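Please keep the structure in view while reading.

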Amino acid sequence: MHEMSIALSVIDAVTTRALQEGGGRVTEIELAIGSLAGVQLESLRFCFSAASRGTLAEHAEIVIHERHAEAQCVDCSSRFAIGSYLARCPVCAGYRFTVVSGEEFSIQSITIE
Amino acid sequence: MCDKCGCSSGGGAVMRRPGNDTGHVHIGEDGSHAHHDRDHEHGQSRKIEVEQDVLLKNNLLAERNRGYFDAKHVLVLNFLSSPGSGKTTLLEKTIPLLKDERPVTVIEGDQQTTNDAERIDALGVPVIQINTGTGCHLDAEMVHRAVRELDPPEHSFLFIENVGNLVCPAMFDLGESARVVVISVTEGEDKPLKYPTMFRHADLCLLNKTDLLPYVDFDAERCRQYALQVNHRLQWLEISAKTGKGLDQWTAWVRSRLAGL
């Protein structure tokens, strides 16, 4: 359940920013989460209500943009979509690849009143 | 609730030393939440672009730890595994083989008890136990606080035994020099496929308890292949912390990491 500490980190960052912007209530938090980021979206959503209680971000709507992962083959340099770290290059069938995107997990924006 | 001082710190992490029942330090409970206790006029909404990594705070602190370790030439290994894979036994067998070459200090992570720290303390090396409470992993701040207390000497080894868990600790950089994931032959050989994030971000995989191979249906080569499919850069060693088999290669690997310091 690292989702709870993740949710707390998000709320911490969001409320810090909201205070810098004048201390208004946060009504929406936009997150971008790669499919390889290692976060369970269901439990993350579940944790937000507890993590945000009593803060500027209580009752904020959480909008999650899921980002697909992309890899590049070490052997033939082809780029291809991957769903997990267990993947093969569709061109040369190799297992060796570097992850180009899909591990990101960021706060995109907040909306405050 | 804290079981020592009765404070209601919830799941906050607590730092303890073996043999010191009364003193402990709570980590990261400075009330990081900004409380909403003012009335606001509800005017127009404003969208603010943030574009910030969620783990930014942890990652910055991890880099700060790393800089400190680099400056003091401390080789830091983060040990990760499921509960019961033999991490503490591995440390008990490894420390006597290395501590005459360089000082060793240890950070133990568990949800509760100082049992593991007491086993390390018996070897005569400085150790700090971090009890994470309900937390499922160590983070860079906990390590930062523990390191300030431990004060590892220059040119030393620091071994961090993370909370037994193959999921959550994978996400949290502690500032370590390398990650060592331990699996044992009493687990399923498909562990690397089930927990790919952990294996993807590890530098070395130690297959432990190989003395039990004759008694279990565990295909070590297949497990290695699975691990390499997930992480083609992963190094692999087979050991038995109990019998000592493979510990020469393992300690040679540890020494090889000193070249980067």
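Strand S6 of chain A and strand S3 (residues 46–53) of chain B run antiparallel and are joined by 6 bridges. Within this pairing, Ile110(A) has Ile48(B) of S3(B) opposite it. Two strands are taken as paired if DSSP finds at least two bridges between them, and the elements themselves are DSSP runs numbered from the N terminus, helices being H or I with at least four residues and strands E with at least two. In general, strands of a sheet pair through backbone hydrogen bonds, either parallel or antiparallel.

The model is predicted: local features need pLDDT of at least 70, side-chain atom pairs count only at pLDDT 80 or more, and totals for chains, interfaces and linings use all residues. Residues are numbered from 1 along each chain as its sequence is written, chains are lettered from A and ligands numbered from 1 in the order in which they are written, and side-chain values use heavy atoms, with hydrogens and water left out.

The strand of chain B belongs to an open sheet of 4 strands, ordered S2(A)-S1(A)-S6(A)-S3(B), in which the pairing is mixed. Its edges are strand S2 (61–67) of chain A and S3 of chain B, each of which pairs on one side only. From one strand to the next the twist averages 15°; axes are lines fitted to C-alpha atoms, for helices over the stretch in contact, and angles run from 0 to 180 degrees between N-to-C directions. Inside this sheet, S1(A) and S6(A) run antiparallel and are connected by 7 bridges, with Val26(A) opposite Ile112(A) in S6(A). Helix H2 (residues 41–51) of chain A packs on the sheet and touches S1, S2 and S6 of chain A, and its direction makes about 160° with that of S2(A).

Chain A also contributes an open sheet of 3 strands in the order S4-S3-S5, with antiparallel pairing. Here strand S4 (79–82) and S5 of chain A are the edge strands, each pairing on one side only, and the twist averages 40° from one strand to the next. Strand S3 (residues 69–73) of chain A is joined to S4(A) by 4 bridges, the two running antiparallel; in S4(A), Arg79(A) is the bridge partner of Gln72(A).

How many residues does each chain give to the contact? Chain A gives 43 residues and chain B gives 35 residues, where contact means heavy atoms within 4.5 Å. The two chains bury about 3500 Å² between them, 56% of it on carbon and sulfur atoms; buried area is the accessible area (1.4 Å probe) that two parts lose on being put together, summed over both. In chain A, the residues losing the most area to chain B are His2(A), Tyr85(A) and Glu113(A), together 17% of what that side buries.

Across the interface, 3 salt bridges are found, a salt bridge being a side-chain nitrogen of Lys or Arg within 4 Å of a carboxyl oxygen of Asp or Glu. Arg46(B) and Glu21(A) meet in a salt bridge through their side chains, at 3.4 Å from N to O. On the side of chain A that touches chain B, helix H1 (2–20), strand S1 (26–34), strand S5 (97–101) and strand S6 (105–112) are the elements that give two or more residues. The largest share of that side, 11 residues, comes from H1(A).
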